[in-house]
Amino acid sequence: MCLSAAFSSLKSSNLISWKKTGRLQQTLAGCIELTGKTLHSGKVSTVKIWPGFAGEGRHFEFRSKLIPASIDFAQESPLCTTLCKDGYKIRTVEHLLSALEAKGVDNCKIQIEGLDSEESEVEVPIFDGSASTWVEAIEQVGRKESLDRCGNNAEKLAPYMNEPLHVSRNDSFIVAFPSPKVRITCGIDFPKVPAIGCQWFSSAAFHDSYEKQIACSRTFCIYEEVEHMCSAGLIKGGSLDNAIVCRCDANSKFKSRLAYHLIPVCSGKPNPKLPVKVG
């Protein structure tokens, strides 16, 4: 199944059903504001995350335009996840969205702005190349119960797969199976790069292992591919401060952690729209 067909299937009522979790929706207890350099454009951007109303989910605000963090607005882009609406784009959202999902922030408004007020696209800061900075900021401000605009709370619902889903492209694939709990298993295979090799990692994605092993996993790349990425206009803000660089002719002490990085990338993909039950 191709990617666009998979997105359509994922939103199908037959493929996914929504079930009660017995938990109330949560939001931030205060505002988060962080500024940093971005990975691909190399520019500086500022992100402010505000508490959100129950039932409204997570959404970005850029140039006074609202862009929901939903699969409906995901756009294919090289080496990052991009949201796009009405010609406005927000790039490299995966680490931030992964941290919000893992820390149970169901509703929030994410304001983002760059230094250039004329540009129609902006990028989320990369920091050290992991989700750790976002996790620490969320923990510092804390969470609270989310209320809707009428002052009511709302129960959190979770999507359940009703049947398996398989998506593949070239030598990459994703398979999702029905399961009562979330568990993500990731594998990578770089036979020409001994520093990486073949690795597999499996985790209950949003339990204790997220902060200890997953959130801290950093972006990595192959040294021999850096010139090609630069020629494509990418990684203008990349450095050893925000990425691990592996050579084809060298080993790496970070080998055991490289596969972990796929989990924040996967869990930080935009969600389908989440229905809620107000109570």
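The structure is a predicted model, in which local features need pLDDT of at least 70 and side-chain atom pairs count only at pLDDT 80 or more, whereas totals for chains, interfaces and linings use all residues. Residues are numbered from 1 along each chain as its sequence is written, and side-chain values use heavy atoms, with hydrogens and water left out.

The account begins with a sheet. Helices (H or I, at least four residues) and strands (E, at least two) are DSSP runs, numbered from the N terminus. Strands of a sheet pair through backbone hydrogen bonds, either parallel or antiparallel; here, two strands are said to pair if DSSP finds at least two bridges between them. Four strands, in the order E7-E8-E9-E11, form an open sheet with mixed pairing. Its edge strands are E7 (74-75) and E11 (121-123), each of which pairs on one side only. Strand E9 (residues 88-91) runs parallel to E11 and is joined to E11 by three bridges. Within E11, Val122 stands opposite Ile90.

Helix H2 (residues 94-102) comes next. A residue is called buried under 20% relative accessible area, exposed over 50%, and partly exposed in between (1.4 Å probe, protein chains only). Eight of the nine residues of H2 are buried, so the helix is largely enclosed by the rest of the structure. Among these buried residues are Glu94, His95 and Leu96. After H2 comes Gly104, whose phi is positive, near 75 degrees.

Rings of Phe, Tyr and Trp (its six-membered ring) pair if their centres lie within 6.5 Å; planes under 30 degrees apart count as stacked, over 60 as edge-to-face and the rest as tilted. Three aromatic pairs are found in a search of the whole structure. One of them is the edge-to-face pair of Phe127 and Trp134, at 5.3 Å centre to centre with 75 degrees between the planes. Phe127 is partly exposed, at 21% relative accessible area, whereas Trp134 is buried, at 2%. Phe190 and Phe220 also form an edge-to-face pair, at 6.0 Å centre to centre and 75 degrees between the planes. This pair links distant parts of the chain, with Phe190 in strand E16 (residues 184-190) and Phe220 in strand E18 (residues 220-222), 30 residues apart. Phe190 is partly exposed, at 27%, while Phe220 is buried, at 17%.

Charges also meet rings. A charge sits over a ring if NZ of Lys or CZ of Arg is within 6 Å of the ring centre and within 35 degrees of the ring normal. Lys19 lies over the face of Tyr160, at 4.8 Å from the ring centre, and Arg247 lies over the face of Tyr223, at 4.4 Å from the ring centre.
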